Amino acid sequence: MIYAGIRLLSLVVTVFLLRHGTIRQRGMTLTQWITGGDGSYYRTIAAHGYQYQPGQLAHAGVFSFLPGYPAAIDSLAWLPGVSIAPAGLAVTVLAGLAAAWGLVALGLKLTADPRISLLLAALWAVAPSSVVLSREHAEALFCALAAWALVALLYQRWLTAGALVALAGTVRSTALALVAAVAVAVLTALIQAGPARHRIAVWWRPVAALLLAPLGLLGYLAYVAVATRRLDGWFWIEKHVFHMSFDWGTSTVRVISRTFLDAPTVARVLVVLAFLAALGLTAWSLTQRIPVYLHLYTVVVALMAFTASANWMSSKPRFMLPAFLLALPIARLLAPLRTSVLIPLLAVLAAASTWFGLYLVIIAKQAS
């Protein structure tokens with residue numbers, strides 16, 4: 001209910017901003033806002049699959065988008081009277097609710113404190129990039145799968161965790177962080193098993209989870225390699241079509257330094273500050289007493305966002321959205337506050353994050 005309330009408030013703020021001020025002058029409707037951005041690619045895949053003429057790699061951008069989210073859209077679109085666009089929004093809404101539920105379950109397992117757990121989900125829902133949770137983007141579905149995969153790891157439900165990570169690998173490449181978490185969790189469990197590790201009943205489920213976890217992501221990379229007739233097909237498309245590549249974070253450091261040394265735009269300052277705050281929270285989150293594989297998951301998500309080339313700098317806060325455990329230290333800090341203080345605070349943060357998303361996309365013409 002808290003998550004739904006935040007999303008509803010964000011929608012109200014969106015409608016208000018689209019009808020007033022500078023944003024109104026750009027003439028974007030609510031439908032265009034919800035379905036814009038990556039949504040057009042996902043709807044095309046859901047409706048037509050990966051249509052591509054061999055040898056035309058420059059026009060193969062559709063392969064950059066993994067199939068899990070469009071497959072979920074297509075599944076709902078089979079229902080009578082449901083078209084692709086409403087199905088996409090429905091998947092986002094349902095996945096967001098599932099993600100919030102998973103975060104509360106994760107928080108309860110880690111802290112045994114319902115208040116901290118609810119705040120964990122609420123703070124994730126008002127993050128600077130959380131506006132995508134109201135749009136036809138894949139982040140809500142990935143976060144739902146990731147949250148429940150980590151819950152399954154905490155309860156050592158190995159096969160469930162492996163299956164969820166495999167599914168997450170068909171949604172976002174960030175599933176690499178989940179695969180790393182599974183590997184460390186499995187290794188830890190096998191070491192702790194000690195003398196009992198030779199018993200097949202003890203180790204076969206963790207090992208099966210480890211083998212299962214990367215199959216979704218690896219399977220899609222193999223599919224793109226075959227379709228494009230290039231072993232590095234997906235990476236080639238990311239680099240040459242969307243100008244995204246791994247550069248050890250050099251371009252990110254360059255953009256951040258220029259932001260403070262040159263005369264940057266307001267949008268660039270906001271994006272850089274949001275991303276630096278996320279990196280600071282990553283360091284702070286390492287002080288939390290939680291299993292090491294959860295720390296590893298958060299750190300790998302942050303590293304993937306940091307080391308990706310900065311051509312899409314405005315998207316980096318969105319890339320950090322799956323690192324939902326960044327909110328845990330803040331949730332602990334805010335938990336003692338009265339509800340009468342927390343509700344207005346979350347409302348202000350929800351409105352601010354909504355404005356941030358609309359400003360970047362509509363006014364600054366940048367990707368959110």
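How are helix 4 and helix 5 oriented to each other? They are oblique to each other, a word for angles that aren't under 35 degrees (roughly parallel), over 145 (roughly antiparallel) or 65 to 115 (roughly perpendicular). Before we go on, this is a predicted model, where local features need pLDDT of at least 70, side-chain atom pairs count only at pLDDT 80 or more, and totals for chains, interfaces and linings use all residues. Residues are numbered from 1 along each chain, and side-chain values use heavy atoms, with hydrogens and water left out.

Back to our pair: helix 4 (residues 39-48) and helix 5 (residues 68-77) pack at an angle of about 60°, with their axes 8 Å apart. Tyr-42, Ile-45 and Ala-46 of helix 4 make the contact with Tyr-69, Pro-70, Ile-73 and Asp-74 of helix 5; contact here means heavy atoms within 4.5 Å.

Now hop over to helix 14, which covers residues 250-261. Look for Ser-251, Thr-252, Val-255, Ile-256 and Thr-259, which are buried, meaning under 20% relative accessible area, while exposed is over 50% and partly exposed is in between (1.4 Å probe, protein chains only). Seen down the axis, the buried residues of helix 14 fall within an arc of 135°, so they line one face of the helix. They pack against helix 15, helix 16 and helix 17. On the other side of helix 14, you'll find Arg-258 and Leu-261 exposed.

Last stop: Pro-128, in the loop between helix 7 and helix 8. Pro-128 is partly exposed, at 38% relative accessible area. Leaving out residues up to four places away in sequence, Pro-128 touches Ala-274, Ser-353 and Phe-356.

Key. Helices (H or I, at least four residues) and strands (E, at least two) are DSSP runs, numbered from the N terminus. The expected span of a helix is 1.5 Å times one less than its number of residues. The arc is that of the directions from the helix axis to the C-beta atoms. Axes are lines fitted to C-alpha atoms, for helices over the stretch in contact, and angles run from 0 to 180 degrees between N-to-C directions.
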